[in-house]
Each structure stands twice: as C-alpha cells, then as structure tokens.
Amino acid sequence: MTENALDSRLAVVILAAGQGTRMKSSLPKVLHRIGGRPLVGHVLDTARDLAPAHVVVVVRHEREQVAAAVLGVAPEVVVVDQDEIPGTGRAVEVALDALEGFDGDLLVLSGDCPLADADTLGAFVSEHRTAQADATLMTAVIDDPTGYGRIIRESDGSVARIVEQKDASAEEAAVTEVNAGMYVFAATALREHLPQVGTANAQNEKYLTDTVALLRRAGRRVAASVAEDATVTYGVNDRVQLSEVGRLLNARTVRRWQLEGVTVLDPATTWIDVTATLAPDVTVLPNTHILRSTSVAEGATIGPDTSLVDCEVGRGATVTRTDATLAVIGAEATVGPFAYVRPGTELGERGKIGTFVETKNSTIGEGSKVPHLSYVGDTTIGRNVNLGAGAITANYDDLTKHRTEIADEVHAGSHNVFVAPVRIGEGAKTGAGAVIRKDVPAGALALSIAPQRNIAGWVENNRPGTGAAEAAARARSAQEAGDGSQEAAHG
Ligand code: UD1
Ligand code: CA
C-alpha cells in the first residue's frame, strides 16, 4: 500500500477490550501472534494504511499489556479504557467520547480480525460514502456461521437487524450470512442512537449490533456490503481459528512473494512473517520459516528444514537444514546442513559454516571455512581461514567469556581446542589434536601433543581372554608367518 493523503473525515476504532475467554489463555487474545505480529498489530497496520485522522484503540482486559503493545508499534494511537459496562456497543461509545467533536465517518474494526486488508477496507469506506448511508455493515456468507452474529434481512432485501448466536432462534441460526464485525458509521448518527442500546440479552452486554435495528427504526439509512472473499472477515475466538487465520495470512504472504519472483516449492510448509523481505530469484525449499525482520537477497536458496529469525542472507547464499537467529550470512556463503547459527554470527562472502557446527557472537571472514563438527563462540576469524573438523573455541572459564582471534590464512588441524583468550597469527598452522593455550605467532606451526608411544603386546598381557587379545594374537601369528615366508623368498 502506498502512502495515502490524510483522510480528515475518517476515524478508525479498534476494539480490543474483550477477554477472549475462548482462547483459554493468560495472554490477551489480541496479543496472540500470527505472521510475526500480534492480531491487533495487523489491524493497526491496516488502519494506518487508510491514513485516518484518528485511530482509537479500546482496552480493558489486561489493559497495561495491550496498551503497551499497541503504543509500542503505533505511538500516535489514542488508547481509551472501557468501563465496567461490557459489550462492543459500550466499547464504541467510550471511543466516541474520546473523539469529541468528530463528525466524520467511523470505521469500526475488531482487534481479533486481522485479515481485512487496506484495499478491502478502503473500498468499504468508499461504498459507505457513495451510498450516503448512516451505517454500512460488512457481511459474509460462510458455510459454518457458528459463533457469528446473523444478518436478518427484510423481504425487500434490506438489513433489518443482527442477531447474536446466543440470542438466535433455530431459524435465525440457520442463516449463513454473518456480521463481519466491521462497520462504517456516520459518527453523529451513532452518537445519537448508541445510548439507547440496552443489555437485555443472553450475555447481558451492550451490543454494537443492536444499533442496526435502532437506526432502521429511526429512519436512518443502513447499507450492507457482502465481502467477495469471505476469508477477509474471519475472526479469531479460539486457538483452532488462530491457526486457520494464521494459515490464511501465510498463504497470502507466500503468494505475494511468489508473484514478486520468489520460488516457493511448498507453500503449505513455508512460513513467512509479514515483516520479512525476499528478493527475486530466491528459492525457498519445504519446511522453512523465514521470520521477523529477515531479509534474503537475490538468488539465495533457503531450506529445506530451515528457520531464519532476524537474519540477513546475502546474494546467492545457500542455507540448508539450519536454525539461525540474528545472523548475517554473506553473499555466496554456504551454511549447513545441520548448523546452529546463534546471535552475533557474521559469515563473510563465500564463507562456510558446515555440518554440525554451532556459532555465536563470531565473525568468520571472507572465504573462511568451519566445515565440520565445531563450536565457534566469541571469535574473530580473518580471511581464507580453514578450521579442521572438531574445532572448539573454549570461550568460557567458569567466570567470564573470552575471545579467540584467528588471523587471515590460518590452517588449523583437526580436533583443536582454542583456549581463550588466545590469538593465532597470520598464516599460522596447528597440528591435529592441538590444545592451543598460548598465542601462536604468525607463520608458526603449533603442536601441543606429546610424541606417541606404542607399548607392544600390552593387550595380550593385560586383557587375556578378550576378543581384543585374541584378535591381537591372530594378527601377531599372521605377521610372524608372513615374516617367515618373506625370509624364505628372500633366502
Ligand atoms: C462480534 C459481533 C458479531 C460478529 C463478530 C464478528 C457483537 C455483539 N457481536 O461477536 O455479530 O459476527 O464479532 O467477528 O458485536 N470487545 C471490546 N469490549 C467488549 C467486548 C468485546 O472491546 O466489551 C472487543 C473484543 O476485544 C474483540 C471485539 O470487540 O476484539 C469482538 O468481541 P468478541 O467478544 O470477539 O465478539 P464476537 O462474539 O466475536
Ligand atoms: Ca470475535
């Protein structure tokens, strides 16, 4: 959505005061997340795209938590508190009080309906204005209307009233046209009629939906707009709907990137947060999660079985079966399979973090490789370094973390332990199995292993009767016989 000019005649009210009982959660419903944002965050984002003069969010249940989350992402929003009178009608009434003097159009949205996009809502507001209505409801026809308010129409097709699930007769409950919970009201009409709404219903709540019949009775114009795509109206009341709505949002996100030139092999098992960005010619393989502020540059291949959280992946890089968080992966670099890339990892261009490698708070320079079975933490590695299999940086001495520095062109042998703080100088080499406790000067070969000593016959002497002793004995007699025949041949 492009930046719109401010619409001074539009105010958006987002209802977020309800308890969300059906979620059975200690977290307020509107703070449950899909696509990398809380439910209410998606609604706020859409509201902002419409460039209204005011956005009001109504809170009550866990008000501190909800208000903090809202103001954290949208500080310009006005947060108002609902009092002890329950119901969506009361929520809108307190919002109207906060909008004193506003006589434009009020777009009412629910914090638990995250799928309505700005294009849909923009068109909805326009429809209301063109029809010069006092109220316009969004409705949808859905197969299973359970839980929603039903739209009861007159014989002439106009909307007569809305009846809630809990107040509906069997006949009314059979209606499949439902109230989406999104409305545009002329603020003045609503101010006049909302106070007349009572609480005599199955839930003892002041229903916003009751204003429809009241406005009709007062001779006001009530219009309805049937959503072409019913899914934009879906709300979250329980955790089944949370996953369904999450899947729909994700499908929309994946499709958007596909149309932007990203190959996604299996949309059903690919999860992309709305906050992530992907460049053309990126390939995403199955079971892959691209989350938070992750960005992936052109031509990179991610997956299968990979999770990237707040990562920056360079052009043409390959990340396979990897879990990475807050990491930078350079252009043409390769990561995985089976790598655990922790915060603060920076892998340079053409670098490699290979199989069963864990990294943390470390820079690995251009063209440098940590190919197999290693832990690299609190380390700075220069360019064109190669660490042998099983390299471990021992960065922790029970008290504090220390850094390891491995300069350009170092080639380390297999199974080295670098006991930090320690520095390996430019171009140095280390032997297999070395435990490096002291700095290695540039160009030196560092060895820390005592010479190997073989004690002949030890197993036969000390482990008689074992399979090992028998195998050793067989090898010894074969060796002796062989020596004999060799002697004969030479003889
Ligand atoms: C509401 C509608 C229903 C519609 C459905 C669409 C009413 C009476 N019913 O039902 O017709 O089909 O939405 O999704 O409006 N809230 C407050 N204060 C309150 C109660 C609720 O701010 O006192 C907020 C909630 O946080 C939520 C929204 O209003 O974001 C809707 O409340 P909810 O209890 O989910 O209403 P539904 O039963 O879904
Ligand atoms: Ca709801």
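Leucine 373 lies in strand E29, residues 369-377; strands (E, at least two residues) and helices (H or I, at least four) are DSSP runs numbered from the N terminus. At 53% relative accessibility, leucine 373 counts as exposed, where exposed means over 50% relative accessible area, buried under 20% and partly exposed in between, with a 1.4 Å probe and protein chains only.

This is a predicted model, in which local features need pLDDT of at least 70 and side-chain atom pairs count only at pLDDT 80 or more, while totals for chains, interfaces and linings use all residues. Residues are numbered from 1 along each chain as its sequence is written, chains are lettered from A and ligands numbered from 1 in the order in which they are written, and side-chain values use heavy atoms, with hydrogens and water left out.

I turn now to the calcium site. Asp112 (OD) and Asn237 (OD1) coordinate the calcium ion, ligand 2, at 2.4 to 2.5 Å; donors are N, O and S atoms within 2.8 Å of the metal, or 3.2 Å for Na, K and Ca, and as water is not among the atoms, sites may look incomplete. The pair links distant parts of the chain, 125 residues apart: aspartate 112 is in the loop between strand E6 (105-110) and helix H4 (118-131), and asparagine 237 in the loop between strand E11 (222-226) and helix H8 (239-259). Both aspartate 112 and asparagine 237 are buried.

Finally, an open sheet. Its 3 strands follow the order E33-E36-E38 with parallel pairing; two strands pair if DSSP finds at least two bridges between them. Strands E33 (411-412) and E38 (445-446) stand at the edges, each with a single partner strand, so one side of each is left without a neighbour in the sheet. Histidine 411 has lysine 429 in E36 as its bridge partner.
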